[in-house]
Every structure is written in C-alpha cells, then in structure tokens.
Amino acid sequence: MTRYALRVTALAAALGLWQLLTSLDVDLWLRFSQFPTVTDVARTFADRLAGPDYWTDLTDSLTRIVTGFVLAAVLGVAVGVLVARSPLAEDLLGPLLEVVRPIPAIALVPVAILLFPSNEQGIVFITFTAAFFPVLVSTRHAVRALTPVWEEAVLTMGGGRWRVLGSVVLPGALPGIFGGLSVGIGVSWICVISAEMISGQYGVGYRTWQDYTVVDYPGVFVGMVTIGVLGWLTSTAVELLGRRLTHWLPRTSPVSAARPTPARPLAASPVPRPSGNEEARDEHLV
C-alpha cells in the first residue's frame with residue numbers, strides 16, 4: 001500500500017505542478033503560457049467522453065493495434081524460432097530481414113498506400129511491421145541462448161523434434177519472447193498513431209492531429225493522455241500474461257532485494273596438526 005501511495009502522490013504532484021505553471025503563465029525558458037491548464041484538459045476530456053466520436057476513435061485504434069500486434073506476435077515467434085533453429089532458413093531469410101529491419105515502420109506508409117486498397121489495411125500493416133521485428137529478434141536470441149543439455153535430454157528419452165520444440169524451445173524462450181512483446185506493443189502504439197495522423201480517417205491519432213490543425217490544444221492533450229493510458233493498459237496486459245505463462249520462474253521479492261539478510265559467520269574449523277610420520281616425511285623431503 002505504501003508503494004501505491006507513493007505512485008499516486010508522484011502523479012498528483014506532477015499534475016499540481018502542471019496546473020501551477022500554466023495558471024501563472026510562467027515563461028522562463030519553457031513557455032508554459034502556451035499550455036492549457038489541467039482543468040481545461042479535464043473539462044475537454046469530460047465533453048469528449050459524453051460524445052460518440054471519442055469512443056469510435058478508441059474502438060478503431062484498439063482494433064488496429066490488436067490485429068497488427070497479434071499477427072506480429074504469431075509470425076514473429078514462428079520466424080524467430082525458424083531462423084534460430086535452421087541454418088537454411090537463416091541463410092535464406094536472414095539477409096532480407098536484416099536489410100528491412102532498420103527501416104522505420106512509419107517510413108513504410110507510402111509502401112502501404114501503394115500495396116493495400118484501403119487505409120485500414122495499410123495502418124494494420126504498419127502496426128504489424130512495428131511489432132514484428134522486436135518480437136523476431138528477441139525470440140531468435142532467446143532460442144539461441146538455450147542450454148543444449150535440455151534438448152539432448154529429451155532426445156535421449158526418445159523425444160522427436162516437435163517434442164523438443166514444445167517441451168524445451170518454447171518454454172525456455174518464453175521470458176525473452178515476452179520481453180520482445182513488451183517492446184513491440186509500445187512501438188506499435190507509436191506507429192499506429194503516426195499512421196493515423198498521416199492517412200487515417202478515424203482513430204485517436206487522427207483526432208489528435210485534427211485538434212492540432214484547428215488549434216484546439218486541450219483536445220490535443222486529451223488525445224495524448226488517451227494514448228498514454230491505452231499504451232500503459234496494453235503493456236500491463238502483456239506483462240501480466242507473461243507472468244502467468246512463466247509462473248515457474250523464480251521471482252525476486254522487492255523487500256528481500258532491498259533488505260538482504262546478512263550472512264552468518266562461519267565457525268573457525270580447527271587446523272589439523274600433522275602426525276609424527278608426516279613430520280618425519282617432510283623433514284626427509286627438505
């Protein structure tokens with residue numbers, strides 16, 4: 001309860017500082033006089049919640065994120081395992097993936113416009129591309145880091161390739177896979193909002209850009225807060241799912257990590273004295 005109280009206090013302090021700086025029109029180095037106050041944003045937020053457009057935008061953005069992210073998770077894990085386990089697949093797919101991977105997903109918007117007949121499919125493609133490569137890279141590294149002894153044990157007991165895949169490879173790589181999924185969901189939100197600003201017709205990103213074009217700054221901040229809350233909720237969902245599927249991993253308690261138990265001093269063991277025969281042998285060697 002103390003940790004949650006500290007988090008709420010920190011958030012309330014940040015909002016209070018925002019309200020103070022904007023209400024006093026402080027202009028030292030940063031121009032807070034151009035910012036809307038917290039009360040203005042809250043008032044606009046309440047008005048948006050009462051209308052249907054906000055919920056339509058929310059539904060469209062969530063549909064795009066879920067569709068693209070699920071496709072990226074399935075294909076990213078499959079291709080990552082394939083590249084890590086098969087030298088032939090690595091030779092065939094590796095160069096192509098490494099060439100495409102550094103390209104920002106938002107830079108593929110013209111490609112999506114040319115390839116897909118609708119903007120909706122293009123935005124889902126951008127979201128998929130943004131999450132695909134973090135999942136692929138994390139899966140590939142996690143599979144390659146597995147201990148070969150586990151696989152050899154399954155093969156010794158008569159298991160085949162599919163048995164090794166289901167009993168060793170996927171369970172052992174799950175922590176690394178969910179690390180990539182956590183990164184991928186955050187990058188997906190960045191790219192889907194950017195794609196909606198460029199070529200979308202509905203969505204949180206589209207509405208935020210429209211508010212900016214008509215100089216509705218409280219509406220812009222409503223969109224920013226909505227994006228932040230949605231990103232936090234989806235990242236938390238991925239993290240909770242990862243903890244549920246990897247419950248067999250050892251967990252470190254924050255209390256035990258903060259207060260390590262001191263080690264008990266070892267009792268001094270008596271040093272054995274050499275016997276008479278050993279002393280005579282040592283003198284003879286000297």
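Me: At what angle do α2 and helix α3 (residues 52–85) pack?

Reply: At about 80 degrees, with their axes 4 Å apart. The axes are lines fitted to C-alpha atoms, for helices over the stretch in contact, and angles run from 0 to 180 degrees between N-to-C directions.

Me: Why is α2 called roughly perpendicular to α3?

Reply: Set the angle of about 80 degrees against the classes. Angles under 35 degrees are roughly parallel, over 145 roughly antiparallel, 65 to 115 roughly perpendicular, and the rest oblique. The α2/α3 angle belongs to the 65 to 115 class, so α2 is roughly perpendicular to α3.

Me: What kind of model is this, and how are residues numbered?

Reply: It is a predicted model, with local features needing pLDDT of at least 70 and side-chain atom pairs pLDDT 80 or more, while totals for chains, interfaces and linings use all residues. Numbering starts from 1 along each chain as its sequence is written, and side-chain values use heavy atoms, without hydrogens and water.

Me: Which residues make the contact of α2 with α3?

Reply: Phe 45, Arg 48, Leu 49 and Ala 50 in α2 meet Pro 52, Tyr 54 and Trp 55 in α3. Contact means heavy atoms within 4.5 Å. By class, there are six nonpolar, no polar and one charged residues. Nonpolar covers Ala, Val, Leu, Ile, Met, Phe, Trp, Tyr, Cys and Pro; charged covers Asp, Glu, Lys and Arg; the others, Gly among them, are polar. Arg 48 therefore counts as charged.

Me: What does the contact of α7 with α8 consist of?

Reply: Trp 150, Glu 151, Val 154 and Leu 155 in α7 meet Arg 163, Val 164 and Val 168 in α8. The classes are five nonpolar, no polar and two charged residues.

Me: How do you know whether Ala 112 is buried or exposed?

Reply: From its relative accessible area, which is 4%. Buried means under 20%, exposed over 50%, partly exposed in between (1.4 Å probe, protein chains only). Ala 112 is therefore buried.

Me: Where does Ala 112 lie, and which residues does Ala 112 touch?

Reply: Ala 112 lies in helix α5 (residues 109–115). Leaving out residues up to four places away in sequence, Ala 112 touches Gly 122, Phe 125 and Ile 126. Ala 112 and Ile 126 are 14 residues apart in sequence and 7.4 Å apart in space, C-alpha to C-alpha.

Me: What makes phi of Asp 25 worth a look?

Reply: Phi of Asp 25 is near 55 degrees, a positive value in a residue other than glycine. Most residues other than glycine have a negative phi. Asp 25 is in the loop between α1 (2–23) and α2 (38–50). Its relative accessibility is 45%, so Asp 25 counts as partly exposed.

Me: What is phi of Val 215, and where is Val 215 found?

Reply: Phi of Val 215 is near 60 degrees, also positive. Val 215 is in the loop between α9 (204–213) and α10 (217–245). With a relative accessible area of 53%, Val 215 is exposed.

Me: How many helices and strands does the protein have?

Reply: Twelve helices and zero strands. Helices (H or I, at least four residues) and strands (E, at least two) are DSSP runs, numbered from the N terminus. Buried residues make up 32% of the 286 residues.
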